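These are my notebook entries on a single chain fold. I set out to look up its sheet, its core, its disulfide and a few loop residues.

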Amino acid sequence: QVQLVESGGGLVQDGGSLRLSCVASGRTFSRYAMGWFRQAPGKEREFVTAISRSGRGTAYADSVKGRFTISRDNAKNTVYLQMNSLKPEDTAVYYCAAHSTDYSSTYSARGRDYDYWGQGTQVTVSS
């Protein structure tokens with residue numbers, strides 16, 4: 001069982017930055033690929049970014065490529081999402097998720113592949 005707790009959300013102006021953190025419980029964090037997803041009001045949950053167990057493999061949605069950066073610190077059981085040049089359309093609840101995999105270099109953009117989810121943190125970007 002893995003518990004995920006996100007933090008770092010808030011209200012920011014158009015063009016601003018935020019860094020989200022997601023801390024995982026347990027001693028097996030390095031066995032999980034991690035992902036960030038988001039859900040805006042009235043919309044379906046969508047993939048944002050993912051990172052492999054090793055941290056060497058990453059993927060980004062086209063909408064955030066070049067603005068967002070995912071990273072992880074396995075010693076701290078934490079995955080980060082640095083969000084720069086935020087836009088009002090980035091407003092959503094952001095969720096981190098853990099995907100159990102035997103492969104250190106893989107990751108997934110599919111929500112159904114993830115085994116554990118955090119409770120979410122609200123990000124609001126004002127225009």
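I take contact to mean heavy atoms within 4.5 Å. The model is predicted, so I note that local features need pLDDT of at least 70, side-chain atom pairs count only at pLDDT 80 or more, and totals for chains, interfaces and linings use all residues. Residues are numbered from 1 along each chain as its sequence is written, and side-chain values use heavy atoms, with hydrogens and water left out.

**Entry 1**

I looked up the surroundings of Met83 with neighbours within four places in sequence left aside. Met83 is in contact with Gly16, Ser17, Leu18, Leu20, Arg67, Phe68, Tyr94 and Val123.

I then turned to the nonpolar core, defined as a set of buried Ala, Val, Leu, Ile, Met, Phe, Trp, Tyr and Cys residues joined through side-chain atoms within 4.5 Å. Buried means under 20% relative accessible area, exposed over 50%, and partly exposed in between, with a 1.4 Å probe and protein chains only. The largest such core has 35 residues, and Leu4, Met34, Trp36, Met83 and Tyr94 have the most contacts inside it. Two or more residues come from each of strand S3 (18-24), strand S4 (32-39), strand S5 (46-51), S7, S8, strand S9 (92-100) and strand S11 (121-126). S9 gives the most, with five residues.

Strands here are DSSP runs (E, at least two residues), numbered from the N terminus.

**Entry 2**

Two strands pair if DSSP finds at least two bridges between them. I found an open sheet of four strands in the order S1-S3-S8-S7, with antiparallel pairing. Strand S1 (4-7) and S7 are the edge strands, each pairing on one side only. From one strand to the next the twist averages 15 degrees; axes are lines fitted to C-alpha atoms, and angles run from 0 to 180 degrees between N-to-C directions.

How many bridges join S7 to S8? There are six, and the two strands run antiparallel. Thr69 has Gln82 in S8 as its bridge partner.

I followed S5 to both of its partners. Five bridges join S4 to S5 in antiparallel fashion, and Trp36 is paired with Thr49 in S5. Six residues lie between the strands of the S4 and S5 hairpin, where Gly42 takes a positive phi near 75 degrees.

On to S6: three bridges join S5 to strand S6 (residues 58-60), again antiparallel. Ala50 stands opposite Ala59 in S6. The S5 and S6 hairpin also has six residues between its strands, and Gly55 in the turn has a positive phi of about 90 degrees. Five of the six residues of S5 are buried, so this strand is largely enclosed by the rest of the structure.

**Entry 1. The disulfide**

I counted a disulfide as a pair of cysteine sulfur atoms within 2.5 Å. The structure holds one: Cys22 is joined to Cys96, with an S to S distance of 1.9 Å. Cys22 lies in strand S3 and Cys96 in strand S9, so the pair ties together parts that are 74 residues apart in sequence. Are these cysteines buried or exposed? Both Cys22 and Cys96 are buried.

Ser52 is in the loop between S5 and S6 and is buried, with a relative accessible area of 0%. Its side chain makes a polar contact with the side chain of Ser54 (3.2 Å), and a polar atom of the Ser52 side chain lies 3.4 Å from the backbone nitrogen of Arg56.

Thr101 is in the loop between S9 and strand S10 (116-117) and is buried at 9% relative accessible area. The C-alpha atoms of Thr101 and Arg53 are separated by 8.2 Å, although these residues are 48 residues apart along the chain. A polar atom of the Thr101 side chain lies 3.1 Å from the backbone nitrogen of Tyr103.

Asn77 is in the loop between strand S7 (68-73) and strand S8 (78-83). At 15% relative accessibility, Asn77 counts as buried. Leaving aside neighbours within four places in sequence, its contacts include Cys22 and Phe29.

How values were computed. Polar contact = N/O pair within 3.5 Å; in protein donor to acceptor, adjacent residues only side chain to side chain.
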